[in-house]
Amino acid sequence: MTKEIIVFRYGHRIVRDYRVTSHCSLVARAFGASRIIVAGEEDKSMKKSVEEIVENWGGKFKVEFIDDWKKELGSLKDKGYYLVHLTMYGEQIHKSEEEIRKNEKVCLIIGSQKVDADIYKLAHKNVSVTTQPHSEIAALSVSMDRIFAGNEFDKKFLGGKKEIIPQKQGKKVIPLK
Ligand SMILES: C[S@@+](CC[C@H](N)C(=O)[O-])C[C@H]1O[C@@H](n2cnc3c(N)ncnc32)[C@H](O)[C@@H]1O
């Protein structure tokens with residue numbers, strides 16, 4: 001059963017990708033990933049905005065920037081991560097989720113611009129969420145939900161400053177510190 005998911009974002013250009021990489025990070029965190037590794041331009045402002053969310057809402061999610069994507073993916077493989085590349089050309093998620101879940105540690109690779117062809121070979125599995133083009137944010141959220149099989153909805157985010165108490169109507173947020 002999968003215990004840990006990390007996300008590998010291939011490509012980040014400052015300004016242009018700020019919003020989407022931030023959203024990928026927030027989805028990764030909210031759906032239970034422990035970290036996102038971004039192969040691209042180091043973006044301190046994007047990292048800080050995600051860290052502020054972690055400070056306020058809890059958990060231990062980390063954002064890392066790296067230069068050499070091939071070396072990093074090789075090293076993740078050596079550390080026992082099962083590499084799943086999300087691409088519309090891959091095998092379908094609903095037919096792959098069972099096999100993916102057999103791995104304790106999973107790394108979900110998402111692109112921004114076109115990914116290097118070697119990623120298709122380096123990955124243990126290439127997986128699609130529908131066979132239509134859409135977005136890394138959507139592909140990530142659906143895949144994480146499939147792999148964690150809905151258990152992510154009960155995840156506790158410890159150490160934050162506030163917590164939402166779900167309401168039928170209106171908003172209830174309680175301070176924790
Ligand atoms: C907006 S797409 C850009 C794709 C890029 N223009 C290309 O030609 O490869 C960015 C990323 O979203 C993800 N993605 C988009 N559609 C997907 C799908 N149907 N299934 C899985 N992942 C998808 C992939 O990780 C892709 O690299």
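A residue is called exposed when its relative accessible area is over 50%, buried when that area is under 20%, and partly exposed in between (1.4 Å probe, protein chains only). Helices (H or I, at least four residues) and strands (E, at least two) are DSSP runs, numbered from the N terminus. The model is predicted: local features need pLDDT of at least 70, side-chain atom pairs count only at pLDDT 80 or more, and totals for chains, interfaces and linings use all residues. Residues are numbered from 1 along each chain as its sequence is written, and side-chain values use heavy atoms, with hydrogens and water left out.

Helix H4 spans residues 93-101. On one side of H4, Lys95 and Glu98 are exposed. Its buried residues are Ile93, Ser96, Glu97 and Ile100. These four cover an arc of only 125° around the axis, so they sit on the same side of H4. The arc is taken from the directions that run from the helix axis to the C-beta atoms. An α-helix has 3.6 residues a turn, so residues three or four places apart point the same way. The cover over the buried residues of H4 includes S4, S5, S6 and H6. Contact here means heavy atoms within 4.5 Å.

Ser96 belongs to helix H4. Ser96 counts as buried because its relative accessible area is 1%. A polar atom of its side chain lies 2.8 Å from the backbone oxygen of Gln92. Such a polar contact is a pair of N or O atoms within 3.5 Å; within protein, one must be able to donate a hydrogen and the other to accept it, and residues adjacent in sequence count only if both atoms are side-chain atoms. Leaving aside residues up to four places away in sequence, Ser96 touches Glu91, Lys125 and Val127.

The ligand comes next. It is surrounded by 16 residues, and the closest are Leu86, Gly111, Val129, Thr130 and Gln132. One of Val129 is 3.0 Å from a ligand nitrogen. One of Thr130 is 3.1 Å from a ligand nitrogen. A backbone N or O atom of Glu136 lies 3.2 Å from a ligand oxygen. Taken alone, the ligand exposes 580 Å², and the protein buries 75% of that. Accessible areas come from the Shrake-Rupley method with a 1.4 Å probe; for residues, only the protein chains shown count as cover.

Strand S4 (82-92), strand S5 (105-111), S6 and H6 each give two or more residues to the shell around the ligand. S4 gives the most, with three residues. The shell divides into six nonpolar, eight polar and two charged residues. Ala, Val, Leu, Ile, Met, Phe, Trp, Tyr, Cys and Pro count as nonpolar, Asp, Glu, Lys and Arg as charged, and the others, Gly among them, as polar.

Backbone angles were also examined. Most residues other than glycine have a negative phi. Thr130 has a positive phi, near 70°. Thr130 is found in the loop between strand S6 (125-128) and helix H6 (136-148). Thr130 is partly exposed because its relative accessibility is 44%. Ala149 also has a positive phi, of about 50°. Ala149 is found in the loop between H6 and strand S7 (162-164).

How values were computed
Near = heavy atom within 4 Å.
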